[in-house]
Amino acid sequence: MAIQKPRIDINGSRLWDSIHSYARIGATAKGGVKRMAFSQLDYQARDQFIDECTELNMTIERDKIGNIFATMAGEDPTLPVVMVGSHLDTQPTGGKYDGALGVLSALEIAKSVYEAGQRPKRGLQVVAFANEEGGRFAPAMMGSGVFAGKLSLDDMLAIKDIDGMTVAEELGRDSTGDYPARPNTAIDSMFEIHIEQGPILEEEGLPIGAVTGVQAIRWYDVTIVGSEAHAGPTPMTSRKDAGLGAAELSLAIEQVALDHGPDGRGTVGVIVPSPASRNVIPGSVYLTIDTRHPSDEALLEMKQAIQDAAKVIAEKRGLEIDVTEIWHSPATPFDEGLVQRLEHFAAERGHPIRRIWSGAGHDSVYIAQMGVPTVMVFTQTKDGISHNESESIKKEDAIAGCEVLADAVVERLFKG
Ligand code: HGY
Ligand code: MN
Ligand code: MN
């Protein structure tokens with residue numbers, strides 16, 4: 001159902017400049033961005049974001065996990081707000097666009113609405129969710145998961161990074177001290193623009209995609225225990241080599257993903273041997289597993305197959321292998337009505353678009369799991385590469401995505 005809405009045009013060059021100004025916060029020599037969650041660089045970017053929102057007379061709220069909510073009031077404060085946003089934290093070898101495109105596009109929409117001088121019926125809430133990447137403090141999507149009530153705040157504050165630093169200690173480092181819990185503002189709808197981080201839009205020569213949902217994710221922590229011994233005198237046949245156990249389990253995980261292809265995914269991103277000395281047979285290994293599949297059932301089958309493989313390897317090599325699931329995000333569909341509005345506005349603007357399922361997790365998943373109508377826009381990603389310093393998108397695709405997003409957001413803002 002079309003709603004009378006003013007035509008508000010975003011300023012594409014300002015958006016593009018803004019993205020590249022934030023990319024200088026944590027810029028790496030190879031052209032990427034390293035702005036790990038809750039690091040000083042993350043705070044620097046968040047402070048810049050807060051300053052820009054404050055200049056638009058937006059009210060700033062935070063919650064106890066570090067999410068930041070900037071709200072432009074609508075005519076009727078009793079109406080649920082339209083939420084638009086993403087994340088500012090990055091991977092250690094992150095790119096300029098993963099997350100930042102979403103937060104800065106939301107900010108661009110706020111600037112454009114502010115400059116248009118027409119007060120929307122309902123509030124616009126621009127959000128920067130904390131620790132979406134989960135690269136330092138697992139799980140991913142931590143801030144949005146706590147906000148949505150799907151992850152326990154106390155459990156998350158106690159999560160430690162590989163050096164034993166807790167989330168609470170890092171948050172405490174922030175000079176603004178403890179944050180008031182955010183008042184429970186009702187949300188009308190959630191919109192997020194993000195780079196696709198995969199090859200589909202580029203293969204089809206399309207600038208943008210309307211995201212219909214996000215696949216299921218399960219993460220595991222694994223500890224493998226064997227026994228240290230001297231690399232020299234110890235015969236190959238009498239070793240309890242945790243390192244080889246990790247290697248064999250990694251290959252088994254690859255096979256499980258291939259057996260559940262073409263959509264199954266299995267990744268061992270962290271492997272830490274101990275004592276990590278060249279002439280000592282590793283006595284223990286810590287490793288992580290990231291598994292994904294569009295089907296929750298298939299992902300459960302993959303879990304069982306990985307546990308079975310771990311048992312076989314443990315018996316064969318005289319090891320103890322513990323596989324503990326630490327996170328599960330179920331397959332989450334987005335709102336069909338909002339997908340159609342994106343398609344409508346893309347056609348109106350002359351931007352080719354296709355529907356697409358997301359291989360990556362996003363903050364919008366948790367907002368959708370709250371029952372809020374949610375949708376995402378994807379932009380084409382060069383070579384489908386992301387979580388890599390070479391991550392790249394085209395200016396015209398970022399602008400096309402932000403224009404379509406803005407149209408759908410503005411339509412909701414002016415809906416009574
Ligand atoms: O893991 C993910 O899919 C996201 O990049 N946090
Ligand atoms: Mn992201
Ligand atoms: Mn990411």
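Predicted model: local features only at pLDDT ≥ 70, side-chain atom pairs only at ≥ 80, totals over all residues.

1. Just after α3 comes Gly117, which takes a positive phi of about 70°.

2. The domain assignment should be read with the residue ranges at hand. It divides the protein chain into domain 1, made of 12-215 + 331-413, and domain 2, made of 216-329. The C-alpha centres of domain 1 and domain 2 are 33 Å apart.

3. The interface of the two domains can be described in several ways. In domain 1, 18 residues are in contact with 14 residues of domain 2. About 990 Å² of area is buried between domain 1 and domain 2, and carbon and sulfur atoms give 59% of this area. Across this interface the rule finds 0 salt bridges.

4. The next point concerns the manganese ion (ligand 2). Its coordinating residues are His87 (NE2), Asp98 (OD) and His194 (NE2), at 2.1 to 2.2 Å. Along the sequence, these donor residues have the spacing H-x10-D-x95-H. His87 belongs to strand β3 (residues 81-87), whereas Asp98 is in the loop between β3 and α3 (100-116); the two residues are 11 residues apart. Is His87 buried or exposed? With a relative accessibility of 0%, His87 counts as buried, and Asp98 counts as buried at 6%. The cut-off that matters here is that buried means under 20% relative accessible area.

5. The manganese ion (ligand 3) has its own set of protein donors. These are Asp98 (OD), Glu133 (OE), Glu133 (OE) and His387 (NE2), which lie 2.2 to 2.4 Å from the ion. The donors follow the spacing D-x34-E-x253-H along the chain. Glu133 and His387 link distant parts of the chain, being 254 residues apart. Glu133 is in the loop between β4 (124-129) and α4 (142-147), and His387 is in the loop between β16 (374-379) and α12 (395-413). Glu133 is buried, with a relative accessible area of 5%, whereas His387 counts as partly exposed at 40% relative accessibility.

6. Charged side chains form the next topic. In general, side chains of opposite charge can pair when their charged atoms come close. A search of the whole structure finds 21 salt bridges. One of the pairs is Arg14 with Glu115, whose side chains meet at 2.5 Å, N to O. Arg14 lies in helix α1 (residues 12-22) and Glu115 in helix α3, and this pair links parts of the chain that are 101 residues apart. Arg14 counts as partly exposed at 22% relative accessibility, while Glu115 counts as exposed at 53%.

7. Two further salt bridges each join a strand and a helix. The side chains of Glu325 and Lys303 meet at 2.9 Å, N to O. Glu325 is in strand β13 (residues 320-329) and Lys303 in helix α9 (residues 296-317), so this pair ties together parts that are 22 residues apart in sequence. Glu325 is partly exposed, with a relative accessible area of 28%. The side chains of Arg355 and Glu336 meet at 2.8 Å, N to O. Because Arg355 lies in strand β15 (residues 353-358) and Glu336 in helix α10 (residues 336-349), this pair ties together parts that are 19 residues apart in sequence. Both residues are partly exposed: Arg355 has a relative accessible area of 31%, and Glu336 has one of 39%.

8. The final point concerns a linked group of residues. Arg7, Asp9, Arg349 and Asp407 are joined in a network of salt bridges.

Key:
Residues numbered from 1 in each chain as written. Chains lettered and ligands numbered in written order. Heavy atoms only, no water. Donors = N, O, S within 2.8 Å, 3.2 Å for Na, K, Ca; no water. Helix = DSSP H or I, 4+ residues; strand = E, 2+ residues; numbered from the N terminus. Buried < 20%, exposed > 50% of the residue type's maximum accessible area, 1.4 Å probe, protein only. Domains from an automatic or database assignment. Contact = heavy atoms within 4.5 Å. Buried area = accessible area lost by both parts, 1.4 Å probe. Salt bridge = Lys/Arg side-chain N within 4 Å of Asp/Glu carboxyl O.
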